[in-house]
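Please examine the sequence and the structure below before reading on.

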Amino acid sequence: MLDAMGGRPYAALVWGEDSIDAWWWRAPARSERVDRMVISDVSPRIIFPTSSRLQEPVSTTEKEVAQRQILLFGVEGQRRIGQVTVAIVGLGGLGLHVAQQLAHLGVKKFILVDNDKIVRTNLNRCVGASHSDLGKPKVAVAARLVKTIRRRQAAEVHSVPQKLPGSAAVDALNDADVVFGCLDNDGARLVLNRVAKAYNLTYFDLASGIDAPGGRFDSAGGRVALVTPDGPCLNCMGEIDRKEAEYFLSSPTAQQEARKRGYASGWDLPKPSVVSLNGTISSMAVSEFMLGVTGLRPCEGLCVYYLSSLASPFQSATKRTVSADADCFTCSLRAVGDKAEVARMAAAH
Ligand SMILES: [Zn+2]
């Protein structure tokens with residue numbers, strides 16, 4: 001088979017009633033176990049073959065801690081959650097909520113990516129951060145939060161204090177089964193969207209915002225968008241503002257020029273942000289993750305949340321149907337890996 005494959009690897013699968021086993025070969029007599037398989041349609045369905053070294057039983061303590069949620073998704077659901085490696089890009093108002101909830105849910109393996117440090121104005125919404133953390137890297141605060149909930153020995157945390165598309169950050173994301181993008185601007189979002197398509201990642205993108213012109217509350221809300229290898233990307237969904245993305249990806253001189261000419265639309269001015277709205281959006285994302293990974297139901301492609309200044313309807317959540325755009329440039333980068341040259345493209349804006 002290897003001769004016929006012209007240098008490409010060969011894999012063999014055995015399907016059982018409720019399990020799967022798989023091996024693969026790069027060269028004759030060099031078999032390797034397949035540790036996990038991701039089924040890339042609308043949901044992060046991850047299968048760990050029975051011979052995988054990642055296949056782990058659920059401990060007695062874990063079963064007791066998770067007793068109330070095992071009533072929802074069973075011991076098998078708990079085991080699946082414990083095996084997934086999750087990356088969180090952005091550990092601010094949204095990302096810290098996501099980290100906290102995933103640790104409670106039973107996720108053990110975390111990749112944390114952020115180059116920012118905690119400042120005083122973060123403390124109204126960064127769960128797990130306190131006044132004594134001022135100046136500390138956000139990834140360090142997130143790592144401590146996860147380890148406190150999970151107990152130190154039951155958490156594996158890889159912190160990357162770097163911004164995308166830095167190579168250490170891109171490499172780290174390649175080890176993740178599911179990525180949560182908790183970013184605060186469309187420039188960073190555009191880059192992560194490209195990375196996700198180029199490296200076949202399953203990626204939940206979170207966004208929240210409050211509209212209060214001149215200090216008068218108008219409306220607020222947010223959304224959770226799911227990008228899978230086979231599904232539409234954020235561009236296809238119309239979830240990236242190209243002008244805003246270009247502004248954030250341009251040089252400091254170009255940004256200054258854009259502000260002078262009035263093109264910047266206040267993108268880099270501090271916007272209203274509260275812990276509760278961030279918590280709602282983060283909870284929506286973690287619930288979708290939980291439903292998809294445990295197999296309770298497939299994930300939704302796009303969940304939207306509104307919080308209106310009008311008394312009725314004052315809060316509502318809904319889903320929107322999304323489809324792939326056949327002409328999308330980002331989607332054309334699917335699975336090309338390093339050939340996507342995400343760093344060069346981000347700099348070219
Ligand atoms: Zn697309």
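**Helix packing and a buried alanine**

Helix α3 passes α9 in a right-handed crossing; a crossing is right-handed if the near helix is turned clockwise from the far one by less than a right angle, and left-handed if anticlockwise. Helices here are DSSP runs of H or I with at least four residues, numbered from the N terminus. The model is a predicted one, in which local features need pLDDT of at least 70 and side-chain atom pairs count only at pLDDT 80 or more, while totals for chains, interfaces and linings use all residues. Residues are numbered from 1 along each chain as its sequence is written.

The axes of α3 and α9 come within 9 Å and cross at roughly 40 degrees, where axes are lines fitted to C-alpha atoms over the stretch in contact and angles run from 0 to 180 degrees between N-to-C directions. That angle makes α3 oblique to α9, because angles under 35 degrees count as roughly parallel, over 145 as roughly antiparallel, 65 to 115 as roughly perpendicular and the rest as oblique. On the α3 side, the contact includes His 97, Val 98 and Gln 101, and on the α9 side it includes Asn 278, Ser 282 and Met 290; residues are in contact if their C-beta atoms, placed from the backbone, lie within 7 Å. By class, this contact has 6 nonpolar, 6 polar and no charged residues. In this scheme Ala, Val, Leu, Ile, Met, Phe, Trp, Tyr, Cys and Pro count as nonpolar, Asp, Glu, Lys and Arg as charged, and the others, Gly among them, as polar.

How does α3 lie against α4? The axes of α3 (residues 95-105) and α4 (residues 138-150) come within 9 Å and cross at roughly 20 degrees, so α3 is roughly parallel to α4. This crossing, too, is right-handed. Among the residues that meet are Leu 96 and Ala 99 in α3, and Leu 145 and Ile 149 in α4. The contact of α3 with α4 has 7 nonpolar, 3 polar and 1 charged residues.

Helix α9 (residues 275-294) is followed by Gly 295, whose phi is positive, near 85 degrees.

Attention now turns to a single residue. Ala 198 is found in helix α6 (residues 186-198). Is Ala 198 buried or exposed? Ala 198 is buried, because 22 other C-beta atoms lie within 10 Å; the cut-offs are 20 or more for buried, 12 or fewer for exposed, and partly exposed in between, with C-beta atoms placed from the backbone.

Methods: Helices (H or I, at least four residues) and strands (E, at least two) are DSSP runs, numbered from the N terminus. Two residues are in contact if their C-beta atoms, placed from the backbone, lie within 7 Å.
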